[in-house]
Amino acid sequence: AAGSLPFAQSQERTIWRQTVTPPFDPLQYPSPLSGYRRYVKEASVKDQVMFTVEGLPEGIPVRLATMDAYDGLVWQVTGGDAEDPSLNDSGSFERVGASLEPEFAGEMATVTVTIGKYNDVWIPDVGEVRSLEFTGSAGGRERDRQLADAFRYNRATDTAASRLRLREGDRYVMEVRLPVMMDALAGAELIPTEPRLGQSLVVPEIAQKLQAEVLSIKDTGAQLDTMRQLMSEGTYSDGDRNSGQQGSRAGHSSYRLTDFVGRYPKLPLIGNAEQYAATYALAFRDLGHLPTRVVMGFRPSKASIDGPVDVLAREVEAWVEVPVKDAGWVAIF
């Protein structure tokens, strides 16, 4: 009866809590690096096609998430300072327009990604994203629209995310500036400070075990190269004794990393990229007070310039990035 009264409004009322879109909060989700071993060890997962990529040159990695804070348990994004919030925090994600200006000049590429078995809130991207359009998804235009509405981006870390988990058949096209890849960092001008970088817990055992290898070297870039060479001589293991590997526990807590370096140099380092990257980043935070961050992503086995390439779960990768003048953050594998 109320609807037929004079001046009554027949349309549905608007409820703000159903309309206002909440921000993307990455701290609601577990650290991506903590799930690294699942990609490489679980038999039902490691050979699955995570996504298909087109237009990517050989050797260029695909980023999932960038982590610059370490609490002694996991590498994670910076939650941001409630009293001094900034879009430069690794945990600050924003809606962006149709295009973004890259911070550095460099080679551009058009990269297309079609999601396979990958199912997460982190959107695989490459380098610095200039534009990203969801188009041709299996769910049609409505699915593309939903994904576009949920898309968020962090310009400080070049990380893309979504409140809506990606699913098989989702598809998007990116215009990107490809990252600068450097085989050696000796002589490079490294940027010494990064005011918005997340805090990291010091693990003294790491510095004690590894400092002798680099402290006698004056050039910071040469120190980085030396440590990379040292770690490349270590042993790979994801703990799969059935494959003849040596025992190696998962995780990158301070306890796990202390154990990781505990018998060096009498015995080589043993682990996978989760332990190597986490340790490398912490070593230079402590030894050289150098800005470092850990990235979780994938490194396709070959170029996809001439056609689509399937990226398998076992091609997952974790690496460290350091800031280099006029190049941006440069990957160290």
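A crossing of two helices is termed right-handed if the near helix is turned clockwise from the far one by less than a right angle, and left-handed if anticlockwise. By this convention, the crossing of α4 and α5 is right-handed. The model examined here is predicted, so that local features require pLDDT of at least 70 and side-chain atom pairs count only at pLDDT 80 or more, whereas totals for chains, interfaces and linings use all residues. Residues are numbered from 1 along each chain as its sequence is written, and side-chain values use heavy atoms, with hydrogens and water left out.

Helices (DSSP runs of H or I, at least four residues) and strands (runs of E, at least two) are numbered from the N terminus. Axes are lines fitted to C-alpha atoms, for helices over the stretch in contact, and angles run from 0 to 180 degrees between N-to-C directions. The axes of α4 and helix α5 (residues 220-232) come within 9 Å and cross at roughly 120°. Contact (heavy atoms within 4.5 Å) involves L210, E213 and V214 of α4 together with Q223, T226, M227, L230 and M231 of α5. These residues comprise five nonpolar, two polar and one charged, where Ala, Val, Leu, Ile, Met, Phe, Trp, Tyr, Cys and Pro count as nonpolar, Asp, Glu, Lys and Arg as charged, and the others, Gly among them, as polar.

Helix α4 (residues 204-214) also meets helix α6 (residues 254-261), their axes coming within 9 Å and crossing at roughly 20°. The two helices are therefore roughly parallel, a term applied to angles under 35 degrees. The crossing of α4 and α6 is left-handed. On the α4 side the contact is made by E205, I206 and K209, and on the α6 side by L257, T258 and V261. Three nonpolar, one polar and two charged residues make up this contact of α4 with α6.

Aromatic pairs were assigned to rings of Phe, Tyr and Trp (its six-membered ring) with centres within 6.5 Å; planes under 30 degrees apart count as stacked, over 60 as edge-to-face and the rest as tilted. The count comes to 13 aromatic pairs. F151 and Y153 form a stacked pair, with 6.4 Å centre to centre and 20° between the planes. Both F151 and Y153 are buried (under 20% relative accessible area, with exposed over 50% and partly exposed in between; 1.4 Å probe, protein chains only). The pair of W319 and F333 is tilted, because the ring centres are 5.4 Å apart and the planes lie at 45°. W319 belongs to strand β15 (residues 316-324) and F333 to the segment after β16 (328-332), so this pair ties together parts that are 14 residues apart in sequence. W319 is buried at 1% relative accessibility, whereas F333, at 30%, is partly exposed. One aromatic cluster is formed by F24, Y29, F93 and W122.

Strand β15 also contains E321, which is buried with a relative accessible area of 3%. Leaving aside neighbours within four places in sequence, E321 is in contact with R63, P291, T292, R293, V295, W329, V330 and A331.

V77 is located in the loop between β4 (75-76) and β5 (108-115) and is buried at 5% relative accessibility. Beyond neighbours within four places in sequence, the contacts of V77 include W122, P26 and L27.

Technical notes. Angles under 35 degrees count as roughly parallel, over 145 as roughly antiparallel, 65 to 115 as roughly perpendicular and the rest as oblique.
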